[in-house]
Amino acid sequence: MSGLAKYLLENGYDVSGSDINDSKYIDKLRDLGAKVYIGHDEKNLPEDCIVVASTAIKENNPEMQKARRLGLEVYHRSDVLAKLSKMGKFFIGYSGTHGKTTTSGLCAYVLEKAGLKPSYVVGGMLPDIGTNAHSQDGKFFCAELDESDGTIVKYSPDVVVVNNLEADHLDFYKNGLSSIIETFDKFILNLKPEAKVLINNDCKGATKISGREFITYGLNSADYVAKNVQYNEDFTTFDIYYRDEFLSDMKICLKGIHNVYNTLAVYASLRELGVEMGLIKPHFATFTGMGRRFQKVCEFCGISVYDDYAHHPTEIKATLSSVKSFKNKNVIAVFQPHRFTRLANLWDDFLNAFGDVNLVVVTDIYAASEKPLEGINSEKFAEELSAKQSAVYLNGDIKTVAQKLFPELKSGDIVIGLGAGDITNLGKELLNLSKETANACRK
């Protein structure tokens, strides 16, 4: 929503809105002239506006109720993004259960750094650029296409990437993966005949979609293949082949096999779009990752704290695969389950997602407006997890969790916050405690 608001502001629209919490995204919008209220109230809504809402906004929201009462035009955020994508540019869309933010952000980043002046709306802050959206006069428009609520069918990219497909958002997709595949089949069917679709050939879910001939990428049998992958402490290298023909070597500073896939997907999609690859290749190596994607948020007393948006078992496994580069370090994962329904539906998968760490700290569930489910709670989950590996449950808000965790930390520890909720504040709370405490370091 903040990305759309910024894009509209840059195109001369008057923008106002509301959110339940203040944030750095809101600060940036205010700097551009937006009027943003904290808290939802019908008084926030002008009587002569067009209303744009996300799926999180329900019909009982007071501002939505006023909009309906006044007969105002009401659009879903996907409707606005779809309109923006049709404004005379080559549209590149990144989709799938995981990796949308990183791939769309990487695409926007390398195009921006190459001086191609892309327009984009992505799901996180671009490193070194400090924004999640920008309207420019270049010929490319890049966006993250969200499948969580089925609205992906509204888009028609010239090139689309399907990173992967797995069962998720089971509050919406009642039949799990089969429902997701049905939605993607409809999405693919609606694309222009000349559109190009790239799919991850190593993902069983992605290869189940149908509707046209696909361009494939992966580490095994595919059109675009990454070979000779080498992992180093500070960077990863590999070679890119197209139908057994060597195209390029590649060096990235991102960790984990999932980022090899992400890089390969972006490289292949831009090549298919006809971008001069020599212009953009150097910038893959300087991309440090999107905000909240294994992002180092603070360091104190020899303790490093990372923040990651991972809230699905596969995402958590991918993120924690990166800790292998921290040799002989004590790695602590602080997991905040996101939504009661997600934890309930993927309970066993979550229990097997934390194998690469020394300790898992489980916090209370971030409800994200959901009501509790009987028998689904963090204490029970931590108890079952502790039968597999070292795990504890810490109750309370994130500030309280930080207060309980802080005395147990020692120099050399790696702390990784995992989740889509306010676990992102963990690093800030731990850093504040280190400043407040005289003898913060425990050798």
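**Salt bridges and exposure in a predicted model**

Biologist: Why is Lys 296 called partly exposed?

Modeller: Lys 296 has a relative accessible area of 42%. Buried would need under 20% and exposed over 50%, so a value in between is called partly exposed. Do keep in mind that this is a predicted model.

Biologist: How many salt bridges does the rule give?

Modeller: The count is 15. One of them pairs Arg 69 with Glu 42, whose closest N and O atoms are 3.1 Å apart. Arg 69 sits in helix α3 (residues 62-70), while Glu 42 is in the loop between β2 (35-38) and β3 (51-53), so 27 residues separate two distant parts of the chain.

Biologist: And is Arg 69 buried or exposed?

Modeller: Its relative accessibility is 55%, and over 50% means exposed. Glu 42, with 34%, is partly exposed.

Biologist: What makes Asp 249 and Lys 281 a salt bridge?

Modeller: There the N to O distance is 2.4 Å, which is within the 4 Å limit. Asp 249 belongs to strand β14 (residues 245-252) and Lys 281 to helix α8 (residues 277-284), so the bridge ties together parts 32 residues apart in sequence. Both partners are partly exposed: Asp 249 has 41% relative accessible area, and Lys 281 has 31%.

Biologist: Let's step back to the whole chain. How do you know that its radius of gyration agrees with a compact globule?

Modeller: For 443 residues, a compact globule would have a value near 22 Å, and the chain has 22 Å, so the two agree. The C-alpha trace spans about 60 × 60 × 40 Å along its principal axes, and the chain holds 14 helices and 20 strands.

Biologist: What share of the residues counts as buried?

Modeller: That share is 53% of the 443 residues, with buried meaning under 20% relative accessible area. The chain exposes about 19900 Å², and carbon and sulfur atoms supply 47% of this area.

Biologist: Where do the positive and negative charges lie on average?

Modeller: The mean positions of the 51 positive and 58 negative charges are 2 Å apart.

Key
Residues are numbered from 1 along each chain as its sequence is written. This is a predicted model: local features need pLDDT of at least 70, side-chain atom pairs count only at pLDDT 80 or more; totals for chains, interfaces and linings use all residues. Side-chain values use heavy atoms; hydrogens and water are left out. A salt bridge is a side-chain nitrogen of Lys or Arg within 4 Å of a carboxyl oxygen of Asp or Glu. Helices (H or I, at least four residues) and strands (E, at least two) are DSSP runs, numbered from the N terminus. Buried means under 20% relative accessible area, exposed over 50%, partly exposed in between (1.4 Å probe, protein chains only). The radius of gyration is taken over C-alpha atoms; the globule rule is 2.2 Å times the number of residues to the power 0.38. Accessible areas come from the Shrake-Rupley method with a 1.4 Å probe; for residues, only the protein chains shown count as cover. Lys and Arg count as positive and Asp and Glu as negative; His and the chain ends are not counted. The place of a charge is taken as NZ of Lys, CZ of Arg, CG of Asp or CD of Glu.
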